[in-house]
Amino acid sequence: MNVSKETKNKVLKKLRKWYIENKRDFPWRYNTDPYKVLVSEVLLQKTNASKVVPIYKKFIKKYPNPQKLSNAKGSEVKKILKSLGLLYRAKRLISIGKHLTVYYQGEVPNQVKQLLKLNGLGKYASAAVMCFAFNKRAAIVDNNVVRLFERIFGYKSSNKRSRDDKSIWKLAESLLPLKNIKNYNYALLDFGALVCTAKNPNHAVCPLRNICKYYIKIVTI
């Protein structure tokens, strides 16, 4: 899907301004430790970010590095994650700790191909680690980002799992600004969580409504 340069610039400008005024504050953001960023991405899978904060703090305190995590007992990790549910992540995290310790001397690799070999890390999580931990120019696409692009640009994927659609990843990559990639990607995530929500999007405060095809359509019906 082609988006005009003018539209891209408008979206970037409005998102940047909105983010400065409304960004969320989480302990894993702007962290220089790739391990902590990686852990946060696993904990955030299918989970509300606000619920992750206290669990993340407990987890990092008990397992501050891959070496400590690699020796963890599954029952202990599950106990920490209990309130979040999805307890299969306990085994996943321990596996990641072991893999990093054995193959990367306890360091998180800074290559997508290597990150994808870690248990439970897909394309989105790997891209998120590349961007947020290593400040790489990487696009991110999750369900919230898909919804945002569908509404603003009128994009509709034919893929059953839209977040796996190569076309939407291509669109996401074409929208990346030349600098401040980290802030831009955080802006997408925060905007999807606070304004362009799955149900009852907050049109009244949306700075993109005048260029959003979804909004323009519903107000002209």
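**Figure 1. Buried residues of helix α2 in the predicted model.** P34, Y35, V37, L38, V39, S40, E41, V42 and L43 are the buried residues of α2, in a model that is predicted. The helix is mostly covered, with nine of its eleven residues buried. Packing against these buried residues are α3, α4, α5, α6 and α8.

**Figure 2. Helix α3, its bend and its covering.** The 14 residues of α3 should span 20 Å at 1.5 Å a residue, and the end C-alpha atoms are 20 Å apart, so the two values agree. A bend of about 30 degrees is found in α3 at I55. I55 is also one of the buried residues of this helix, together with A49, V52, V53, Y56, F59 and I60. An α-helix has 3.6 residues a turn, so residues three or four places apart point the same way. Among the elements that cover the buried residues of α3 are α2, α4 (66-70), α5 (74-81) and α6.

**Figure 3. K46 in the loop between α2 and α3.** K46 is placed in the loop that lies between α2 (34-44) and α3 (49-62). Its phi is near 55 degrees, a positive value in a residue other than glycine. K46 has a relative accessible area of 74% and is therefore exposed, the cut-off for that class being over 50%. K46 is also one of the residues nearest the centre of the largest pocket.

Figure 4. Although N180 is not a glycine, its phi is positive, at about 55 degrees.

**Figure 5. The largest pocket and its lining.** The largest pocket holds about 1,000 Å³ of space. Its lining is made up of 34 residues, and L44, Q45, K46, Y124 and D142 lie nearest the centre. At least two lining residues come from each of α2, α3, α6 (88-104), α8 (123-134), α9 and α11. The largest contribution is that of α11, with four residues. By class, the lining of this pocket has 13 nonpolar, ten polar and eleven charged residues.

Figure 6. Rolling a probe the size of a water molecule over the atoms shows where empty space is left. One cavity of 30 Å³ or more is counted in the model. The largest cavity has a volume of about 100 Å³. Of the 15 residues lining this cavity, C196, P201, H203, C206 and C212 are the closest to its centre. Two or more residues of the lining are given by α9 (143-153) and by α12 (213-219). The element that gives the most is α9, with three residues. Eleven nonpolar, two polar and two charged residues make up the lining of the largest cavity. Helix α9 also supplies at least two residues to the lining of the largest pocket.

Conventions. Residues are numbered from 1 along each chain as its sequence is written. This is a predicted model: local features need pLDDT of at least 70, side-chain atom pairs count only at pLDDT 80 or more; totals for chains, interfaces and linings use all residues. Side-chain values use heavy atoms; hydrogens and water are left out. On a 1 Å grid over the protein atoms alone, a cavity is a set of points where a 1.4 Å probe fits but cannot get out, and a pocket is an open set with protein on both sides within 12 Å along at least five of seven lines; lining residues have an atom within 4 Å of a point. Grid points are joined across faces, edges and corners, and a volume is the space filled by probe spheres set on the points. Ala, Val, Leu, Ile, Met, Phe, Trp, Tyr, Cys and Pro count as nonpolar, Asp, Glu, Lys and Arg as charged, and the others, Gly among them, as polar. Buried means under 20% relative accessible area, exposed over 50%, partly exposed in between (1.4 Å probe, protein chains only). The expected span of a helix is 1.5 Å times one less than its number of residues. The bend at a residue is the angle between axes fitted to the seven residues ending there and the seven starting there. Contact means heavy atoms within 4.5 Å.
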